[in-house]
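User: Hi! Could you walk me through this model, starting with a charged pair and then moving out to the whole chains?
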Amino acid sequence: MNVTLRVWRQANAASEGRMVTYQVQDVSPDMSFLEMLDLLNEDLTVSGEEPVAFDHDCREGICGMCGVVINGTAHGRGNSPVPTTTCQLHMRSFEDGATIDVEPWRAGPFPVIKDLVVDRSAFDRIIQAGGYISVNTGSAPEANAAPVGKLKADRAFDAATCIGCGACVAACPNHSAMLFTSAKITHLAMLPQGQPERKLRIKNMIAQHDEEGFGGCTNIGECVAVCPKEIPFDTISQLNRDLISSLFSRDGK
Amino acid sequence: MAVTGLLLIAFLLMHMFGNLKMFIGEEAFNHYAEWLKGLSEDGGILYPILPAGWFIWIFRVVLLAAVVLHIYSAAKLWRRAEAASPSTYEAKRKLAQTYSARTMRWGGIILAGLLIFHLAQFTVHAALTNGSFASTYQSSAYKMVVGEFSQWWMVLVYAIWMVAVCMHIRHGFWSAFATLGANTSPRAKVILDACAWAIALVLFIGFMMMPVAVLFGWIHF
């Protein structure tokens with residue numbers, strides 16, 4: 001199949017970007033979206049043009065590195081029948097001869113580095129603010145020493161599947177990172193290991209979230225619609241519940 | 001945002017219920033209006049816990065504070081969202097958001113503007129469109145409401161305003177509970193959404209019944 005791509009080209013963070021149109025020929029419907037971009041880059045390299053820069057790593061949908069906005073939806077969720085990362089979106093999801101818009105995540109805290117690559121270190125700083133537990137590491141504890149109820153374990157695991165790709169921020173009309181932050185909060189709040197720092201963690205992570213310049217959540221739900229890991233909407237309410245109760249406890253309690 | 005919004009929804013439910021007194025008759029409606037203001041013979045609402053006429057002013061101050069805080073929070077959220085959006089997408093496509101959710105901000109401005117008109121019309125009596133309160137309506141709240149809503153375009157303006165208000169509540173009610181931590185599961189979201197629809201519909205129907213009845217002459221002088 002052949003497709004027409006309109007790709008965001010931007011030389012570096014300081015320069016102006018624009019959409020550039022490319023034709024990509026002989027695309028296999030079984031190629032992933034990133035393999036199709038590889039094909040485009042091979043053509044560009046042969047013709048002496050600068051290849052399109054995009055983030056990618058595992059290409060198995062589990063690392064959170066890739067992510068572009070395709071036809072107006074993060075990871076091309078609007079074209080995909082199932083929740084997906086960009087690397088797991090296949091060209092069979094598009095019509096032969098289709099025109100496809102490809103843009104980077106757009107959000108103030110995610111500045112474009114080059115073309116489709118954005119700087120997501122704001123997420124790292126939110127994690128550094130409290131998305132961890134402080135324990136003395138050693139040998140792994142005996143599995144049954146700290147029992148966790150099945151429902152809580154499931155909830156923790158559902159939240160822990162967040163890969164930090166940033167699609168939630170890209171899709172949010174407010175550019176809020178609430179779904180990301182609430183996934184981390186819920187993951188640790190459901191487990192016994194997360195309890196000692198639970199109240200302090202939420203204050204610090206929310207403070208860092210706001211410090212990074214992300215918008216506020218207004219419960220619109222675009223984040224949940226594009227999340228490749230289907231982080232549940234209710235994690236945001238979990239975060240709000242914990243935040244409200246943390247206001248009634250001293251720091252560190 | 002959530003707390004003040006829910007407070008205002010509670011007020012609207014009470015206001016709507018009070019408006020339905022128009023169906024009972026002039027005496028009942030006017031007594032209710034005077035009772036709220038502490039002008040009735042029995043000293044009005046909460047008398048003698050509060051001196052006559054105090055309740056309405058305390059109530060107005062609380063409502064005004066709620067509106068001001070609600071607008072302040074909204075403006076802050078809007079500013080933060082603008083600051084976080086340096087550029088927009090070339091291709092735009094929405095997957096989840098409802099029309100109500102998308103129009104919370106501009107819709108809120110429109111309904112706040114019409115609220116000012118509404119207060120100038122029925123509370124201050126400065127913007128009555130079909131007569132004057134003292135002479136045409138003989139200082140009767142009932143006659144004033146009938147006189148104003150016997151104009152078809154007034155009912156239309158009111159209906160448009162109520163659509164804006166109820167759409168705001170359709171997203172606002174569910175969103176307020178989500179913000180307060182009540183969206184605990186996908187099932188809870190379905191229930192909260194259904195409640196939001198129910199409240200919005202009850203308010204719309206409840207508020208529109210009386211003006212429509214006036215327009216068709218079922219409620220008259």
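Analyst: Happy to. In this predicted model, B:Lys189 and B:Asp193 both sit in helix α8 (residues 186-215) of chain B, four residues apart, about one turn of the helix. Helices here are DSSP runs of H or I with at least four residues, strands are runs of E with at least two, and both are numbered from the N terminus.

User: What do the side chains of B:Lys189 and B:Asp193 do?

Analyst: They meet in a salt bridge, at 2.8 Å from N to O. The term means a side-chain nitrogen of Lys or Arg within 4 Å of a carboxyl oxygen of Asp or Glu.

User: Is B:Asp193 buried or exposed?

Analyst: B:Asp193 is buried, with a relative accessible area of 18%, while B:Lys189 is partly exposed at 23%. Buried means under 20% relative accessible area, exposed over 50%, and partly exposed in between (1.4 Å probe, protein chains only).

User: Which residues form one network through salt bridges that share partners?

Analyst: A:Arg6, A:Asp101 and B:Glu90 are joined that way. Within it, the side chains of A:Arg6 and B:Glu90 meet at 4.0 Å, N to O. A:Arg6 lies in strand β1 (residues 3-9) of chain A and B:Glu90 in the loop between α3 (54-83) and α4 (99-102) of chain B, so the pair joins two chains.

User: And how accessible are A:Arg6 and B:Glu90?

Analyst: A:Arg6 is partly exposed, with a relative accessible area of 26%. B:Glu90 is partly exposed too, at 44%.

User: Where do A:Arg198 and A:Asp242 lie?

Analyst: First, their side chains meet in a salt bridge of 2.9 Å, N to O. A:Arg198 lies in helix α6 (residues 198-211) and A:Asp242 in helix α8 (residues 234-246), both of chain A, so the pair ties together parts that are 44 residues apart in sequence. A:Arg198 and A:Asp242 are both buried.

User: How many salt bridges are there over all chains?

Analyst: The count comes to 17.

User: OK, zooming out. How many helices and strands are in chain A?

Analyst: Chain A has eight helices and seven strands. Its radius of gyration is 20 Å, close to the 18 Å that the globule rule gives for 253 residues, so chain A is as compact as a globular protein of that length. That radius is taken over C-alpha atoms, and the rule is 2.2 Å times the number of residues to the power 0.38.

User: What about chain B? How many helices and strands there?

Analyst: Chain B has eight helices and zero strands. Of its 221 residues, 42% count as buried; in chain A, buried residues make up 53% of the 253.

User: What supplies the surface of each chain?

Analyst: Chain A exposes about 11,200 Å², with carbon and sulfur atoms supplying 52% of it. For chain B the accessible surface is about 12,200 Å², and 72% of that belongs to carbon and sulfur atoms. These areas come from the Shrake-Rupley method with a 1.4 Å probe; for residues, only the protein chains shown count as cover.

Terms used
Residues are numbered from 1 along each chain as its sequence is written. Chains are lettered from A and ligands numbered from 1 in the order in which they are written. This is a predicted model: local features need pLDDT of at least 70, side-chain atom pairs count only at pLDDT 80 or more; totals for chains, interfaces and linings use all residues. Side-chain values use heavy atoms; hydrogens and water are left out.
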